[in-house]
Amino acid sequence: MAGALASLKIVEIGELASAPYASKLMADMGAEVIKIERPGAGDRARTRGPFPGGAPHPDKSGLFLYLNANKLGVTLDIARPEGMELLERLVAQADVLIHNVWPPEMDRAGLSFERMSKINPRLVMTSITPFGLTGPKRNLRAEELTIWSAGGVCVLNGAGPEHPELPPLKTFGSQAGYQGGVHGAVATMGAVLAALRDGAGQQIDVSCQEAIASQLEMTFEYWPYMKMIATRLGKKPLQPVESMQCKDGGWIYLCCIEEHQWKAFVDLMGNPDWAGEEIFSDRLKRGDNWEALKIFLEEYVSRQTVLDLYKKAQARRIPFAPVSTMGDLLNSEHLKARGFFVEIAHPVAGACKFPGAPLKYSATPWELRTPAPTLGQHNQEIFGGRLGLSAARLDELKRTDVI
Amino acid sequence: MARPPLDGVRIADFTWVWAGPYCTLQLAHLGADVIRIETKTRPCVTRLLPPWPGGKPVGLNRSGYFNQYNQGKRSLTLNFKDPEAHEVARRLIAKSDVVVNNFAHGVMDRMGFGYEAVKKIRPDIIMVSLTGYGDTGPYRDYIAYGPAQVPLSGLSALTGYRGWPPMHAGFSYADPNAGVHGAFAILTALFYRAKTGEGQYIDMSQWECAMDLLAEGLLEYTMNGCEPERAGNEDPWMAPHGIYRCLDRPEPVMGVTVDQWIAIAIADDAEFARFAAAIGQPELASDARYATFAARKAHEEDLNGLISAWTAARRADDVARSLQQAGIAAAVVADSRYLSEEDEHINGRDYFVRREHPEVGTMQHCGIPWKMSRTATSVRAAAPGIGQHTDEVLSGLLGYSAADVSRLRAQGALE
């Protein structure tokens, strides 16, 4: 069986997480992705690790290996005229060009939809950038931390009202990149369907800031609806929805949102006397009196082990969850039964194990076919084999750092 | 503009709360006819949650939470305790391309709308179930609530101040993340159906979708066998890299002083030299404690103190402007008011939408995070009132007569 996107051809010019994640999602569904990297250094993800033994190596970065499996890799400097010409020849054969080239660098290289659509009118060109292709912040410098902050998420996370001196807190990893990427993949697939219908491509301008602002739960609407600002310093209206430490050192997330969940938890705890106090009699009162409730709950939780309490709670339909460590995830009996983690051998990095299919299709499989490319691994195959460049020409392009 | 990409595609939307509605919101943005199947006997939780205009929870149509994530959809109310409500749903599925739900595993089967049953109604149907734990595996019947999915995913163990307990993400991140991945899944299945004529079933686990976002943490473990330490706002390859306090907002909001912060990330030595000059301390760039990345990382706490002392006396907007002029990645840590009124950029891009709603007026909502050049994509209407389109769907789409609709309503099937 082939993947759902087996007939789709994609060219990616991507760094770090956003555009690479968008095309990874499509590559895993069977699309062919040719990834273009800068000659010499390559994708910046190659420098960010994690690395085996903590030793940086461009072909051993965990982030790169994960985001770029199933892709073909070439090197090309699109800011050089010879590089742009080769990009145009690749785009002529593609359905989609997806990139996260910073807008000022797009301008310098002359990378534009106008130019690309002249080569291929059916092309869908998706630009995933921190702030989008228009507006006063188009050309601003941005990194993961500043984009996640500009999208409105950081302000929601942190130590709470007891510690106003501690800063808003970034969520781990490359979340702004992933969200720009997956929203970009949605828009791209929409445009691919429209291209199939109409025989014409188009430009898609994805703003990572807007992708983040689109998922602020109810917090954004507090301002237009009630002129209130939701921040990390607000008190939680209902409780318990908190992590607590168990006797085995692990943490469990207590979560009683519905009244019947609290009642089931009280029953699980053996109906202690304190639970009958008026000040704990509904979820809002438990929120108001959290400082008192917390002491009782900590005393109980500190005598439990994480897995035991999790399973006992779930058996009573209480939606507790462990605060999973990486080891918990890799060793989870549930995830093992679903075959979630996958492994593939990489010629330089060796065996790599990482997340597999987040989407399980009945007719078209998610597939891990090839490991991430080493820098320029497919230059010969793509530029020589597919575009028909001679060996002498390839040598020359390599000597002049075009590829 | 050409027709929207999903013009003519219909979604029978059995979702509720946040993950599922965020999935079908993407499809509505792309032009699909999304029909939410709701019931007044157990309204969507988000219809009951704040914020409400004036702070008062009156009725089911005034929640900013619901009204944000259901823009551009239609609402049909059915009470499945009445057998004829099932017949209405079957007729709707027969006229739909996609069935989506985010109930716990097994609920759709018990309602009589499992994949096998739905496929009999419409052989080329695409069906997606966005469950917490997936359809297989020993925990498939476990229940998942939005806030608990963040710690379950592993994100909490990785997020937090150095030396502090695990933290949350501050919102039920796994929900919209699962929703947008679900929308991607549906679009790829529509592509496959366009090529082959075949539908299919897609089993999605919200937990697994969230673990897709943890590669740096998971690979640290699979490569080196160790759990990454929580490191606040630090970055392993950039320093300084943090969020620093600025002057408070000049005016209190609801009687409370509101703090303001700036996020700053410095990628290399050249940037640090420009940064040092921009804050009026160019000598820092040649100071042995700060001249190289390794030195800055070793003295990061001192450096953060110096930076905080400089930012504390300034407005966040001014700091962002002066650092950006020096080519430094800096951004105001935006809160809802900042996004809503003060960020000229996002407002200038027509991102926010204000559609007329009969009960809340033209309230500001977040819109579509992408722009397409050829096909129209727009938020077509405000979120529906509960059951607002019941008559329209029954008589206009499903062929019920006015008399049938009245009879169904009288017997309670349309509650």
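Where is Leu16(A) found in chain A? Keep that one in mind; point 5 picks it up. Here are my notes, as numbered points.

1. A word of caution before anything else: this is a predicted model. Please read what follows with that in mind.

2. Let's start with chain A as a whole. It has 17 helices and twelve strands. Its C-alpha atoms fill a box of roughly 85 × 45 × 45 Å along the principal axes. Out of 403 residues in chain A, 57% count as buried. Have a look at the contacts as well: among those in chain A between residues at least 6 apart in sequence, 69% join residues at least 24 apart.

3. Now for the place where the chains meet. On the chain A side, 125 residues are in contact with 127 residues of chain B. Which element gives the most to the side of chain A that touches chain B? That would be α7(A), with 15 residues. Sorted by class, this side of chain A has 75 nonpolar, 34 polar and 16 charged residues.

4. The crossing of α7(A) past α8(B) is left-handed. If you want to find the contact on screen, the residues of α7(A) that make it include Val182(A), Val186(A), Met189(A), Leu193(A) and Leu196(A). From α8(B), look for Val180(B), Phe184(B), Leu187(B) and Phe191(B), among others. How many charged residues does this contact have? The contact of α7(A) with α8(B) has no charged residues, against 14 nonpolar and four polar ones.

5. Back to the opening question. Leu16(A) is found in the loop between β1 (9–13) and α1 (18–27) of chain A. It is worth a click: Leu16(A) has a positive phi of about 55° although it is not a glycine. Is Leu16(A) buried or exposed? A residue needs 20 or more C-beta neighbours to be buried, and Leu16(A) has 22 inside 10 Å, so it counts as buried.

6. Asp350(B) is not a glycine, yet its phi is positive, near 55°. You'll find Asp350(B) in the loop between α16 (344–348) and β10 (370–372) of chain B. Asp350(B) has 13 other C-beta atoms within 10 Å, so it is partly exposed.

7. While you are in chain B, check the cis peptide bonds. One joins Pro50(B) and Pro51(B), with omega about 5°. Pro51(B) sits in the loop between β2 (33–38) and α2 (64–69) of chain B. Another cis peptide bond joins Ala239(B) and Pro240(B), where omega is about -5°. Pro240(B) lies in the loop between α10 (215–224) and β7 (241–245) of chain B.

8. Last, the inside. The largest nonpolar core has 258 residues. Which residues have the most contacts inside that core? They are Ile252(A), Phe320(A) and Ile262(B). Take Ile252(A) as a worked example: leaving out residues up to four places away in sequence, Ile252(A) touches Val301(A), Val306(A), Leu309(A), Tyr310(A) and Phe320(A), among others. Ser243(A) is also one of the residues that Ile252(A) touches.

Technical notes:
Residues are numbered from 1 along each chain as its sequence is written. Chains are lettered from A and ligands numbered from 1 in the order in which they are written. This is a predicted model: local features need pLDDT of at least 70, side-chain atom pairs count only at pLDDT 80 or more; totals for chains, interfaces and linings use all residues. A crossing is left-handed if the near helix is turned anticlockwise from the far one by less than a right angle, and right-handed if clockwise. Helices (H or I, at least four residues) and strands (E, at least two) are DSSP runs, numbered from the N terminus. Two residues are in contact if their C-beta atoms, placed from the backbone, lie within 7 Å. Ala, Val, Leu, Ile, Met, Phe, Trp, Tyr, Cys and Pro count as nonpolar, Asp, Glu, Lys and Arg as charged, and the others, Gly among them, as polar. A nonpolar core is a set of buried Ala, Val, Leu, Ile, Met, Phe, Trp, Tyr and Cys residues joined through C-beta atoms within 7 Å. A residue is buried if 20 or more other C-beta atoms lie within 10 Å of its own, exposed if 12 or fewer, and partly exposed in between; C-beta atoms are placed from the backbone.
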